[in-house]
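Visitor: Can you walk me through this one? I have a few quick questions.

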Amino acid sequence: MADDTAPVSAPPSPGDADAEYLQRRTLRRGSAGWLLLTGLGVAYVVSGDYSGWNVGLDKGGFGGLAIATVLMGAMYACLVFSLAELSTILPTAGGGYGFARRALGPWGGFLTGTAILIEYILAPAAIVIFIGDYVESLGLFGLTSSWPVYLGCFVIFIGVHLWGVGEALRFSLVVTAIAVAALLIFAFGALSDFDAGALDNIPADPQAFGSSSWLPFGVLGIWAAFPFGMWFFLGVEGVPLAAEEAKDPVRSMPRALAISMGILALLALITFFAATGAQGADAVKSAGNPLVVALEGDGGPTALSRFVNYAGLAGLVASFFSLIYAGSRQLFALSRAGYLPRFLSLTSKRKAPYLGLVIPGAIGFALAAATGNGARMLNIAVFGATISYALMALSHIVLRRREPGLERPYRTPGGVLTSSVAFVLALSALVATFLVDQDAAFIALGVYAVALAYFAFYSRRHLVASAPEEEFAALAEAEAELTRD
């Protein structure tokens, strides 16, 4: 029996693993085609259409949030096309960590993987709080406290993931389809009351530079609205984490990423205009359920608003469920390669990383039950996401420049110009997080510092050379050595 904790040395990497090590850490290949991958991409994000984005109206007004959404949509589109190329080069569960590992070395790989992990562990904890709020407000099950909902969500949905990835993604596709259909029905109902004059009814701040009815908080309001423009797309970049379990990832991954992004852009457009135009920007800017407010106004609940309220719960469940999946795969890949404790990557007989699901779930439940502050945790997740976006875009640029001859079954339209746009906008969004919630940004930096200390003092000396992402990087280093010789 192989020892999962003791380091095994082999140059040039400090660690290696035998066949048994990797056999105990395998995922079920061929479980997801392009349709399930597309559903996964939309599922990551769809809850953001139901709530959260509207707070950007309170930061930048209609005009500020509209510009921020366009810019963030451009960032995600450029990033997604860059990731589509990278995922066909290295179709493994490591996703962004694997890309950055080859382009930026072990430190770059760890920085990227940790940032992704912060996003995908904190975001489910935030969303489960929102689920609890929805259940309580709807009066379901007679609950007056939300922590049983948190526990039930983690236990039930982690259980589905343990059952198998194919079953999990099919469940996610069904729930996501319900949430998307409800958004289209909402838009049809809300647009019947659309009033263009209500879009810019937030009072302008005369002291803000460049303020107007469209930009009530001035030019700086556009920048402050960046994190909320991201809510329409946040998470779609996680599709490549399913590459190791996908059918024909070289073809299915770019297709799924492109279709997901197209669907999300359409949903963002109709949701933003329909919700804001129905009752006015001022009415929905601070609502916890802006779509319901857009439908009801001062007239009280209607059949459509009740339907949308329940559909919002479906959207939250879809995102919660899929984000658990993404976090487990990133944790699995980092653990399998030795960046995190190796036992976390062990898989069950059904090829599910059971500890990679259970341990982040336990952490998420504890955070949700202890704090109840979903907005703060989501802001921390956004901070981690923006760091990973910048590093993944940079990885694409570096690999294009350093290894132009690398086989690329799919090539990003626009090449390095596309990934450069994503890189600049990601850095801008990173800075914008400090304008929204400085405490969240510094908490994320503190978590980052602890993780980096662990890597610096321990795990970088115990990496597993035969992990797929490490082998891919080692091959590049060997080829470079031959070229120098």
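Guide: Start with a helix pair. Trp147, Tyr150, Leu151, Phe154, Ile158, His161 and Leu162 in helix 6 meet Tyr354, Leu357, Val358, Gly361, Gly364, Phe365, Ala368 and Ala369 in helix 14. Contact means heavy atoms within 4.5 Å. Helices are DSSP runs (H or I, at least four residues), numbered from the N terminus.

Visitor: How do the residues of that contact divide into nonpolar, polar and charged?
Guide: There are 12 nonpolar, three polar and no charged. Ala, Val, Leu, Ile, Met, Phe, Trp, Tyr, Cys and Pro count as nonpolar, Asp, Glu, Lys and Arg as charged, and the others, Gly among them, as polar.

Visitor: At what angle do the axes cross?
Guide: Roughly 170°, and the axes come within 10 Å. Axes are lines fitted to C-alpha atoms over the stretch in contact, with angles from 0 to 180 degrees between N-to-C directions. Helix 6 and helix 14 are therefore roughly antiparallel (over 145 degrees).

Visitor: New topic. What is the mean pLDDT of the chain?
Guide: This is a predicted model; local features need pLDDT of at least 70, side-chain atom pairs 80 or more, while totals for chains, interfaces and linings use all residues. Residues are numbered from 1 along each chain, and side-chain values use heavy atoms, without hydrogens or water. The mean is 88. pLDDT is the predictor's confidence in each residue, from 0 to 100.

Visitor: Where does pLDDT stay under 50?
Guide: Over residues 1-17. Where pLDDT is low, the predicted coordinates should not be read in detail.

Visitor: Is Cys153 buried or exposed?
Guide: Cys153 is buried, at 9% relative accessible area. Buried means under 20%, with a 1.4 Å probe and protein chains only. Cys78, at 14%, also counts as buried.

Definitions and conventions: Helices (H or I, at least four residues) and strands (E, at least two) are DSSP runs, numbered from the N terminus. Angles under 35 degrees count as roughly parallel, over 145 as roughly antiparallel, 65 to 115 as roughly perpendicular and the rest as oblique. Buried means under 20% relative accessible area, exposed over 50%, partly exposed in between (1.4 Å probe, protein chains only).
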